[in-house]
Structure formats: structure tokens, C-alpha cells
Amino acid sequence: MRKINLFDTTLRDGEQSAGVNLNAKEKLQIALQLERLGVDIMEAGFPASSKGDFLAVQEIARKIKNCSVTGLARSVKTDIDAAWDALKDGANPRLHVFLATSPIHMQYKLKQSPEQVIETAVESVKYASKYFPLIQWSAEDACRSELPFLAKIVEEVIAAGANVINIPDTVGYINPKEYGEIFQYLKSNVKGIDNVILSAHCHDDLGMAVANSLAAIENGAGQIEGTINGIGERAGNASLEEIGVALHIRSDYFGAKTNMKLDEIKKTSDLVSKLTGMMIPPNKAVVGKNAFAHESGIHQDGVLKEKTTYEIISPELVGVGSNSMVLGKHSGRHAFKSKLSELGFSVTEEESHKIFKTFKTLSEKKKEFTDEDIAALVIEEKVERSEDMFELVSLQVQYGTSQVPTATVTLKNQEQQLVQEAATGGGSVEAIYNTLERCTGFTIKLQDYRIQSNSSGRDAFAQVFVRVMVGGVESSGRGMAQDVLEASAKAYLNAVNRILILNAQAEESLKATV
Ligand SMILES: CC(=O)SCCNC(=O)CCNC(=O)[C@H](O)C(C)(C)COP(=O)(O)OP(=O)(O)OC[C@H]1O[C@@H](n2cnc3c(N)ncnc32)[C@H](O)[C@@H]1OP(=O)(O)O
Ligand SMILES: CC(C)C(=O)C(=O)O
Ligand SMILES: [Mg+2]
């Protein structure tokens with residue numbers, strides 16, 4: 001299988017992302033992780049651009065031993081001098097020197113004629129070969145350049161001593177077929193092309209950076225440049241981790257391999273995201289939070305029966321712990337049951353059926369269910385069915401702007417007897433809670449009380465959430481009713497009942513183990 005060199009430019013082109021600024025310590029941390037990831041070449045920065053970048057490149061070059069460290073330079077002697085000073089102590093120094101070759105860039109930016117551009121490029125490569133054992137030359141904006149001119153300048157810089165020829169799609173303009181054709185054209189029209197490595201460097205302005213990089217491989221590129229998480233100037237660069245994984249998974253098609261240690265991908269991606277502050281979109285291939293999350297019932301059922309039905313990459317391969325089943329409105333019974341047993345609940349068929357029905361109804365309004373939400377549904381079902389609990393029979397509240405709020409509550413207790421009490425409070429809710437405390441006989445400390453509407457509109461249900469402490473045990477409860485006071489009473493009672501149920505369950509399992 002053909003070996004493809006991976007050239008990582010997270011620390012140079014990646015740092016060109018708007019809003020990203022890494023200090024030397026952060027750059028070194030990323031460099032060490034890139035070394036563990038197994039990239040072949042890392043571009044540590046642009047030494048002539050600032051004192052800080054110079055020192056960072058120098059430190060990285062001195063510390064990194066298992067891959068070649070490079071730095072970028074314009075076709076300017078002082079840039080090349082700075083790059084050599086920064087890189088010379090490295091284990092395997094190489095220069096990355098570039099010059100634009102498209103009519104737009106030559107005319108408006110460089111203000112040089114094509115002949116002058118060839119002369120500048122050749123001079124810079126010759127100058128650099130005084131120092132560097134390896135020189136990569138890049139034709140900036142190659143993909144908007146005239147092909148005969150591109151072939152001519154590439155031939156000249158090879159003759160001057162360049163070892164790697166990079167064909168950047170600087171503005172993310174090309175598409176895979178055209179990009180492949182450029183590589184074919186150069187292979188057929190440039191003398192000496194077989195003595196150098198051809199490299200691809202793609203930007204993602206039209207979302208084709210990875211596809212273009214893979215097309216380059218199919219057409220003879222031996223090196224691919226990219227960044228972790230695809231960060232970089234404007235819409236970013238090709239995601240190196242996506243390319244590494246694509247070549248691995250589709251080795252049958254590409255017949256190419258890399259040295260990337262795939263199980264280091266997640267760690268590298270997380271580190272780059274943390275230090276650059278660039279969030280990874282949840283749906284990002286390979287490293288996004290949702291890349292191994294299954295949400296819909298049919299997919300979840302398939303994955304539970306056989307992972308490969310919907311997973312072409314196993315999460316373990318790229319250093320992600322495991323896949324996840326997200327319970328939401330599209331989920332089905334198989335995934336739901338599997339989640340219940342994963343959470344350690346043993347429920348009967350009838351209970352499972354009932355809880356699933358409640359879950360489906362709630363999922364119309366709620367996007368995602370956490371493990372805690374599912375546990376709450378199960379406990380609620382068990383609470384509803386349990387005999388060891390208090391049941392609200394009636395509630396009456398008297399409130400007026402010039403009178404003390406008073407509540408009267410009737411409950412059915414665990415022995416199925418009716419208990420009635422009344423109490424006052426600073427407000428209606430406090431009056432209810434004081435009354436419930438009397439009815440249940442527990443000392444209950446309210447820790448948190450929250451109320452929200454279940455939907456919009458005047459007739460929406462009120463949902464109350466409470467957190468209470470009863471005898472040193474914390475519990476939470478939820479109550480839903482058309483009226484806020486009734487919902488408040490239900491939530492409070494629900495929290496107390498949960499404690500009773502858990503106590504009863506603990507007693508049962510204690511009996512079972514004796
Ligand atoms: C496609 C890419 O990603 S290229 C890399 C882009 N990265 C960066 O620019 C980050 C680092 N850059 C910097 O810190 C600064 O731009 C510096 C230090 C390099 C230069 O700063 P300044 O001297 O102030 O110049 P400024 O950035 O405004 O303009 C760039 C100059 O370089 C010239 N230039 C651009 N590319 C090249 C090149 N490959 N070779 C020679 N000259 C070049 C421009 O024509 C312009 O020259 P001019 O001043 O004669 O008009
Ligand atoms: C410096 C070059 C390789 C570059 O980043 C580009 O052209 O996008
Ligand atoms: Mg670039």
C-alpha cells in the first residue's frame with residue numbers, strides 16, 4: 001500500500017483562524033500531541049512573522065524528535081534566514097517557502113510579472129538550499145493559475161532544488177475532478193516531477209477540502225496537508241483526522257495508508273479545541289459529539305442488533321469511549337428498554353410499556369432525555385403504582401391581599417387512612433407545604449423550587465420542580481397540574497413519596513441479600 005505523508009499545519013494555517021492566538025506553551029502542548037498522533041511533518045509557525053512565533057517554532061523544533069518540523073517563509077531572504085535560525089537545531093529541519101502563481105495574485109498582490117515571479121521563486125529556493133536539507137515549495141493560489149505557467153514554474157523550482165511541490169487550493173475554489181486533473185497535468189508536463197513528492201493543501205470555502213485532498217491522493221499526491229478539526233484561515237483547511245480515517249476505512253478503494261495513530265484522534269481534537277477556543281460542531285465527522293450518537297428508533301434497533309448496520313467507524317478506533325443512544329422523539333422500544341437495563345432498572349413488560357408511552361408523549365415537547373430524565377420516569381411510574389405512599393385527595397387554599405394564606409389538605413396515607421390538616425404560611429405555597437409537613441409527619445426542608453409552563457398559552461399546564469431534604473436524605477419531585485398551587489403540592493408530595501419508595505426498595509433488596 002502507498003504511504004501518504006501527513007503534513008499538519010494546525011500551528012500555522014490553523015492559527016490563522018480568526019480569533020485564535022496560541023502562546024508558546026500552548027503551541028508546544030499541541031506539537032507534542034501531534035507527535036503522538038503520528039503526523040510526519042508539522043508546520044510549527046511562520047518564524048519571520050513575530051518574535052513570539054520565532055521562539056515557539058524554535059522550542060518545538062528542539063523538542064520534537066519523531067517528526068520533521070517546518071516553518072513558513074515568503075520568498076524573501078530575511079524570512080528564510082529567520083526560518084533557518086528557528087529550525088536549525090531540530091532533528092529533521094525543512095523549509096516551507098511559497099509564492100503566488102495566479103494572475104490575480106501576481107498582478108494585484110505581488111505586483112510582479114510572471115517572469116519576475118519565476119525568478120523570485122528560483123532565487124528563494126537556491127538561497128534556501130544553502131541551509132536546508134529539505135525544501136518544500138508552494139505555488140500559492142495554484143488552482144486559479146494558468147496550467148502551462150504552473151508547470152513551467154514548478155519545473156524551474158525543482159531544478160533549483162525543491163524536494164516537495166505543494167499545489168494549494170488557497171481559496172477553496174477547486175472541485176475534486178479538476179484538482180485531480182491538475183496533478184495529472186503536472187505529472188505529464190513537468191520534467192523532474194518524479195523526483196519530488198507532490199503535496200495537496202486544501203481550504204474548505206466550498207466544503208470540498210477533504211474530498212479534494214482525497215482526489216489528489218488518487219492522482220498521485222504523496223503528501224496531504226491539513227489541520228486538526230479543520231481549523232484555519234476563513235472556512236478552514238482540510239481536516240487531517242477525517243483524511244486519516246477515510247484512508248483507513250476505505251483502504252480497499254484508495255490503496256493508501258498513513259502513520260496516523262487513529263486512537264489518538266479524539267485526544268488531539270479535544271486539546272486543539274480547548275486551546276484554540278474553537279468549538280467542534282456536534283455533527284462534525286469523526287470528532288463531533290454526535291458522530292457516534294444514534295437517535296432514531298430504526299437506527300438504534302439496528303445498532304443494538306449489529307453495530308455495523310449504522311456504524312462504519314467504530315468509536316474505539318478513534319479514541320472515543322463508545323457510541324451513545326440518545327433518547328428523543330424518534331426513539332423506539334428497543335433502545336428504550338436497553339437504556340432501562342443499562343441504568344439498572346428491572347421493570348415488568350407492563351411497566352416498560354407504560355413508561356415508554358409517557359416518554360413518547362413527553363418527547364413531543366422535549367428534545368433530548370438524559371439518564372436522569374429516564375430514571376425520573378421510571379421512579380415516577382413506580383411511585384404511581386406503589387402502595388407505600390401518600391396520595392393527594394383534596395386541596396383548598398384561602399388567599400386574599402389582606403388575610404393570612406391558609407391551606408387545608410386531605411391526604412390518604414400508607415395505611416389508606418384519610419389525614420386532614422390545615423396551616424398558614426407567608427404565601428399560598430408556604431401554607432400548602434406547612435400543611436403537608438403536618439400531614440406526613442416528616443420534617444421537610446425545601447432546598448429549591450422552580451415553576452415553568454409546560455407549553456405556551458393561558459391554559460398551559462404548570463410544572464413544578466422541587467428539591468427537598470427529609471431526614472438527611474435529598475429528594476426531588478415534579479408535579480404537573482392546570483393550577484400552580486396543585487402542581488406545587490403534587491411536586492412536594494412526589495419528592496416525599498420517592499424517598500418512601502427508595503426506602504422500601506432498599507429494605508427489599510436487604511431482605512433478598514440476607
Ligand atoms: C496563503 C497563506 O496562508 S500565506 C501565509 C499567511 N500568513 C500570514 O500572513 C501570517 C504572518 N504574517 C505576518 O506576520 C506579516 O504579514 C509579515 C510579517 C509576514 C509581513 O508583514 P508586513 O511587512 O507588514 O507586510 P504585509 O503583511 O502588510 O504585506 C505582505 C507583503 O508581503 C508580500 N508577499 C506576500 N507573499 C509573498 C511571498 N510569498 N514572497 C514574497 N513576498 C510576499 C506582499 O506582496 C506584501 O509586500 P509589499 O509590502 O511589498 O506590498
Ligand atoms: C502558504 C500556503 C501553502 C497556504 O497556506 C495556502 O496557499 O493556503
Ligand atoms: Mg492555507
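Helix α9 (residues 240-249) is largely enclosed by the rest of the structure, because eight of its ten residues are buried. A residue is termed buried if 20 or more other C-beta atoms lie within 10 Å of its own, exposed if 12 or fewer do, and partly exposed in between, with C-beta atoms placed from the backbone. Helices (H or I, at least four residues) and strands (E, at least two) are DSSP runs, numbered from the N terminus. The model is predicted: local features need pLDDT of at least 70, side-chain atom pairs count only at pLDDT 80 or more, and totals for chains, interfaces and linings use all residues. Residues are numbered from 1 along each chain as its sequence is written, while chains are lettered from A and ligands numbered from 1 in the order in which they are written.

**Enclosed helices**

- The buried residues of α9 are Leu240, Glu241, Glu242, Ile243, Gly244, Val245, Ala246 and Leu247.
- Their cover includes β2, α8 (209-218), β9, α10 (251-254), β10 (256-257) and α11 (265-276); contact here means that the C-beta atoms of two residues, placed from the backbone, lie within 7 Å.
- Helix α8 is likewise largely enclosed by the rest of the structure, because eight of its ten residues are buried.
- In α8 the buried residues are Ala209, Val210, Asn212, Ser213, Leu214, Ala215, Ala216 and Ile217.

**The barrel**

- Eight strands form a closed barrel in the order β2-β3-β4-β5-β6-β7-β8-β9, with parallel pairing; two strands pair if DSSP finds at least two bridges between them.
- Neighbouring strands of this sheet are turned by 25° against each other on average, direction ignored. For such angles, axes are lines fitted to C-alpha atoms, for helices over the stretch in contact, and angles run from 0 to 180 degrees between N-to-C directions.
- Strand β2 (residues 5-8) is joined to strand β9 (residues 223-226) by four bridges in the parallel sense, and Asn5 has Gln223 of β9 as its bridge partner.
- Strand β2 also pairs with strand β3 (residues 41-45), again in the parallel sense, over two bridges.
- From β2 the chain passes through helix α1 (residues 24-37) to β3 in a right-handed β-α-β crossover. The term right-handed applies if, with the strands pointing away from the viewer, the path from the first strand over the helix to the second runs clockwise.

**Chain and domains**

- The protein chain contains 17 helices and 18 strands.
- Its radius of gyration is 33 Å, well over the 24 Å that the globule rule gives for 514 residues, so the protein chain is more spread out than a compact globule. The radius is taken over C-alpha atoms, and the globule rule is 2.2 Å times the number of residues to the power 0.38.
- The C-alpha trace spans about 100 × 50 × 50 Å along its principal axes.
- Buried residues account for 42% of the 514 residues.
- Of the contacts between residues at least 6 apart in sequence, 66% join residues at least 24 apart.
- The protein chain is divided into domain 1 (1-274), domain 2 (325-382) and domain 3 (389-510), with bounds that come from an automatic or database domain assignment.
- The C-alpha centres of domain 1 and domain 2 are 50 Å apart.

- Most residues other than glycine have a negative phi.
- Val286, which is not a glycine, has a positive phi of about 70° and lies in the loop between α11 and β11 (293-294).
- Val286 counts as buried because it has 24 C-beta neighbours inside 10 Å.
- Gln416, also not a glycine, has a positive phi of about 65° and lies in the loop between β14 (403-412) and β15 (418-424).
- Gln416 counts as exposed, with 8 C-beta neighbours inside 10 Å.

**Lys187**

- Lys187 is found in helix α7 (residues 176-189) and counts as partly exposed, with 14 C-beta neighbours inside 10 Å.
- Not counting residues up to four places away in sequence, Lys187 touches Ile193 and Gly220.
- Lys187 and Lys445 are 258 residues apart in sequence and, C-alpha to C-alpha, 79 Å apart in space.
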